Structures are given as structure tokens and as C-alpha cells.
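Work through these exercises on charged side chains. Keep the sequence and the 3D view open as you go.

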Amino acid sequence: MSIDAVLLEPPVSTADGAGVPRLVLVPATGVDVGVAAEYPNKVDGRLSIILVGLDSLRASQDEVVRAFERYADGRFVNEPSALSKAADEL
């Protein structure tokens, strides 16, 4: 597999107080997906690629979650407890 996971990260606080959840792709180790993986994700710190902020999609967050749960074959991570625990450890 060339993709280890797709993560739904919780909103990231910004200086203006805004923030949106975003989808993050975690490529498999040593795999070139054509884009540099430079973002350390909040789950386990592996270098990843931010795909999109959910505010730029027409679908609701729930619709996005349902679609990834259905089609990502177990590689979709949407566990707020896992995300917040991993963020605390970084």
C-alpha cells in the first residue's frame, strides 16, 4: 500500500481564533506519492500531507467521515481521543 492512513485532524487554533478540521494523508514509509510529506501529523508525528480543510468542501464533516469510513478500508482515523493523546505527546 502506498497510503498508511487518512486522518481527520481536529480544528487547529489560529491567531484570529478560527480553525477547521482537516484531512491529512499519511504515505507509507519510503513511498513517493508525488508530493513532499513535510507536515508531522498529530496522531503519531509521521510526515504527512495536508489534503484539505473541511471548510472548503460542500459536504458536511459528518458526510466526509461517513465516506472515508466506507471507502478507506480501515486506514481512516477519526478518533478524537487518539488525536488529542498524540497531540499531548508531541
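Predicted model: local features only at pLDDT ≥ 70, side-chain atom pairs only at ≥ 80, totals over all residues.

**Exercise 1.** Find how many salt bridges the structure holds.

Solution. Start from the general idea: side chains of opposite charge can pair when their charged atoms come close. The cut-off is 4 Å between a side-chain nitrogen of Lys or Arg and a carboxyl oxygen of Asp or Glu. The structure has three such salt bridges.

**Exercise 2.** Describe the salt bridge between R46 and D4, and state which parts of the chain the pair links.

Solution. Step one: the distance from N to O is 2.7 Å. Step two: locate the partners. D4 lies in strand 1 (residues 3–9), and R46 lies in the loop between strand 3 (39–40) and strand 4 (47–53). They are 42 residues apart, so the pair links distant parts of the chain. Step three: check accessibility. R46 is at 31% and D4 at 33%. Both values fall between 20% and 50%, so these residues count as partly exposed.

**Exercise 3.** Are E9 and R22 buried or exposed?

Solution. First, the contact: E9 and R22 form a salt bridge, their closest N and O atoms 3.4 Å apart. E9 sits in strand 1 and R22 in strand 2 (residues 22–27), 13 residues apart. Next, the accessibility: both are buried, which means under 20% relative accessible area.

Key. Residues numbered from 1 in each chain as written. Heavy atoms only, no water. Helix = DSSP H or I, 4+ residues; strand = E, 2+ residues; numbered from the N terminus. Buried < 20%, exposed > 50% of the residue type's maximum accessible area, 1.4 Å probe, protein only.
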